[in-house]
Structures are given as structure tokens and as C-alpha cells.
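Trainee: I would like to learn how to read a protein model step by step. Could you walk me through one?

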Amino acid sequence: MPKQDTRTWPLSAAIEAFLTEPLFATLTTLRPDGTPHVVPVHFTWDSAARMARVMVAPDSRKVRNLIDAPGGRAALCQVKGRGWVTLEGTATVSDDPERVAEGKRRCFERYSRNTRGRVVIEIAVDRVMSRNI
């Protein structure tokens, strides 16, 4: 597991607030051939656990990428105007009912809408990059 980038912790209040805004982000995973797969997603940020969650369909390309490369990394990048924050870390896929329910609950709180995702991608964030936030 990569070492945590201690220069980014704790996150600034401005970054924490930005990560609660109901915006889309891009999720990047790597295909088996090493090329990036980048898609728009809704996600949630759990500051206490330093975890980002994305609700997805179990047969999606992003899930297959992560299952094909256990311990693989993923990146989420949220942009608004000229400001952006990227969250990077080790990603896992879970169909555990409690973890999925937690992901759905958080998604509803952030976006005020239900999600059809049946599995959750959990990203243990160890690097945060930002600009103009």
C-alpha cells in the first residue's frame, strides 16, 4: 500500500467544503492493457475515514478494471470553474450489503437522489491534489 502523503493532511476547510458540493467528478481506473478508463460519476467523501465512495453497476468497465487488478489505484477529479481537487488511492469493489447501504446513504445525502448502484467502489485516499480551492 502506498504511503500516505502527509503534506495534504488535514485537508483545508475550503477543500472539505468543495468535496460536499453536489458536483460530478471523473473516475479514472486502468484497463488491463494499461490505458486509462475515465468516466463521469457521483461520489461521496468521508473525511474521517479518508475514503471516497462511488456507487456503480457490478458489470461496469470500472468494476472489471479494479477486479482484474486487485490493489489497483483509482483517481477522482472534481472540477468547478478553475478550481479542482483530485483524490487518489487504492480502490476496492464491495458488494457487502452494509457497505453498499452506507454508500447509498451518503450518495443520497450529497445528491438528494437515489442511486441504482449495486456495488460500491471504495477508494482509500492517500494523496490529494488541488488548485484554486
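Trainee: What radius of gyration would a compact globule with 133 residues have, and what does the chain have?

Mentor: Start by remembering that this is a predicted model. For 133 residues, a compact globule would have a radius of gyration near 14 Å, and the chain has 14 Å, which agrees. Along its principal axes, the C-alpha trace spans about 35 × 35 × 25 Å.

Trainee: How many helices and strands does the chain have?

Mentor: Count the elements, then read their order. Here there are three helices and seven strands. Going along the sequence, the order is α-β-β-β-β-α-β-β-α-β.

Trainee: What share of the contacts links residues 24 or more positions apart?

Mentor: For this, take the contacts with a separation of 6 or more; residues 24 or more positions apart account for 71% of them. As for burial, 45% of the 133 residues are buried, where buried means under 20% relative accessible area.

Trainee: Let's look at a helix. Which residues of α2 are buried?

Mentor: With a helix, ask which way its residues point. Helix α2 covers residues 61–68, and its buried residues are K62, V63, N65 and L66. They lie on the same side of α2, because they cover an arc of only 160° around the axis. On the other side of α2, I67 and D68 are exposed.

Trainee: Which strands do the buried residues of α2 pack against?

Mentor: Their partners are β1 (25–30), β2 (36–41), β4 (51–56), β5 (73–80), β6 (83–94) and β7 (119–131).

Trainee: Now a single residue in a strand. Is Q78 buried or exposed?

Mentor: Look at its accessible area, then at its partners. Q78 lies in strand β5 and is buried, with a relative accessible area of 1%. Leaving aside neighbours within four places in sequence, Q78 has contacts that include F18, L19, F43, W84 and R110. L23 is also in contact with Q78; these two are 55 residues apart in sequence, yet their C-alpha atoms are 7.1 Å apart in space.

Trainee: What about G103: which residues does it touch?

Mentor: G103 sits in helix α3, residues 97–111, and is buried at 2% relative accessible area. Not counting residues up to four places away in sequence, G103 touches R53 and M55. T115 is 12 residues from G103 along the chain, with 9.3 Å between their C-alpha atoms.

Trainee: Last, the backbone. Where is R50 found, and what is its phi?

Mentor: R50 is found in the loop between β3 (44–46) and β4. Its phi is near 55°, a positive value in a residue other than glycine. R50 counts as partly exposed, at 29% relative accessibility.

Trainee: And what is the phi of N132?

Mentor: Phi of N132 is near 60°, again a positive value in a residue other than glycine. N132 is in the segment after β7 and counts as exposed, with 52% relative accessibility.

How values were computed
Residues are numbered from 1 along each chain as its sequence is written. This is a predicted model: local features need pLDDT of at least 70, side-chain atom pairs count only at pLDDT 80 or more; totals for chains, interfaces and linings use all residues. Side-chain values use heavy atoms; hydrogens and water are left out. Helices (H or I, at least four residues) and strands (E, at least two) are DSSP runs, numbered from the N terminus. The radius of gyration is taken over C-alpha atoms; the globule rule is 2.2 Å times the number of residues to the power 0.38. Buried means under 20% relative accessible area, exposed over 50%, partly exposed in between (1.4 Å probe, protein chains only). Contact means heavy atoms within 4.5 Å. The arc is that of the directions from the helix axis to the C-beta atoms.
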